[in-house]
Amino acid sequence: MPGTEAENPKLKEYEGEGITVTFEPRRCLHAAECVHGLPQVFDLSRRPWVLPDAAETGLVEQVIHRCPSGALQYHHRPAEGSAEPPESPTTVRRTPSGQLVLRGDLLVTGPHGDRHETRVMLCGCGASGNQPYCDHSGPCAEPDDDVADER
């Protein structure tokens, strides 16, 4: 059905002076890298929960890069400014619970069409309701040893 969330994922934008942070709620796996990394920028107890100007732009970028699912992204302002650069070389890693963690210059095809990505966590068990992305709805919901140092 045209206009469904599967075709047009909901994307929230939080504009700062030099950087715009985007958040796609359906892709968030609650790794909490953002809220632990920069609580002054990412605070779930307030609205808006993202304040891009509450820390130096470079620090905001670093914390967003730690988001394993790619639910958080950024681009520099003005809008025609540079987007998050992909890592090189592209890497693929399987977590102990089966998700595929990819980083690099990616083209992901799903029910919403082709999307250019820099970081994704793809479903490895086939149970996700947000294919091809993992949503922890199957065996992938089991805890694993996915620690920030390995990303």
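A residue is called buried when its relative accessible area is under 20%, exposed when the value is over 50%, and partly exposed in between. In this predicted model, Cys 28 has a relative accessibility of 23%, so Cys 28 counts as partly exposed. Cys 134, by contrast, has a relative accessible area of 2% and is therefore buried.

Across the whole structure, a search finds zero disulfides. Cys 28 is in no disulfide, and the nearest cysteine sulfur to that of Cys 28 belongs to Cys 34, at 6.5 Å.

E1 and E2 are linked as a hairpin with three residues between them, and four bridges pair the two strands in the antiparallel sense. Within this pairing, Glu 15 has Thr 20 of E2 as its bridge partner.

In soluble globular proteins, nonpolar side chains tend to be buried together. The largest nonpolar core of the model has 18 residues, and the members that touch the most others are Val 21, Phe 42, Trp 49, Val 60 and Leu 72. E2, H2 and E3 each supply at least two residues of this core. Which residues does Phe 42 contact, leaving aside its neighbours within four places in sequence? The list comprises Val 21, Cys 34, Val 35, Trp 49, Val 50, Val 60, Val 63, Ile 64 and Leu 72. Another core, of six residues, lies apart from the largest one; Leu 102, Leu 106, Leu 122 and Tyr 133 are among its members.

The other sheet to describe here is built from E4, E5 and E6. These three strands form an open sheet in the order E4-E5-E6, with antiparallel pairing. E4 and E6 stand at the edges with a single partner strand each, so one side of each is left without a neighbour in the sheet. Direction ignored, neighbouring strands of this sheet are turned by 55° against each other on average.

Looking at the individual pairings, strand E4 (residues 91-94) meets strand E5 (residues 100-110) through four bridges in the antiparallel sense. Arg 93 has Val 101 of E5 as its bridge partner. The two strands form a hairpin with five residues between them, and Gly 98 in the turn has a positive phi of about 110°. E5 also pairs with strand E6 (residues 113-122), in the antiparallel sense and over nine bridges. The hairpin of E5 and E6 has two residues between the strands. Along this pairing, Val 108 stands opposite Arg 115 of E6, while Leu 100 stands opposite Leu 122 of E6. Leu 122 is also one of the residues of the six-residue core.

Finally, the segment after E6 contains Ser 137. Is this serine buried, exposed or partly exposed? Ser 137 has a relative accessibility of 45%, so Ser 137 counts as partly exposed. Not counting residues up to four places away in sequence, Ser 137 touches Ala 127, Ser 128 and Gly 129. One of these, Ala 127, has its backbone oxygen 2.8 Å from a polar atom of the Ser 137 side chain. The side chain of Ser 137 is also joined to that of Asp 135 by a polar contact of 2.6 Å. As for Cys 125, twelve residues from Ser 137 along the chain, the C-alpha atoms of the two residues are separated by 9.4 Å.

Definitions and conventions:
Residues numbered from 1 in each chain as written. Predicted model: local features only at pLDDT ≥ 70, side-chain atom pairs only at ≥ 80, totals over all residues. Heavy atoms only, no water. Pairing = 2+ DSSP bridges. Axes fitted to C-alpha atoms, helices over the stretch in contact; angles between N-to-C directions. Disulfide = S-S within 2.5 Å. Buried < 20%, exposed > 50% of the residue type's maximum accessible area, 1.4 Å probe, protein only. Contact = heavy atoms within 4.5 Å. Polar contact = N/O pair within 3.5 Å; in protein donor to acceptor, adjacent residues only side chain to side chain. Core = buried A, V, L, I, M, F, W, Y, C linked by side-chain atoms within 4.5 Å.
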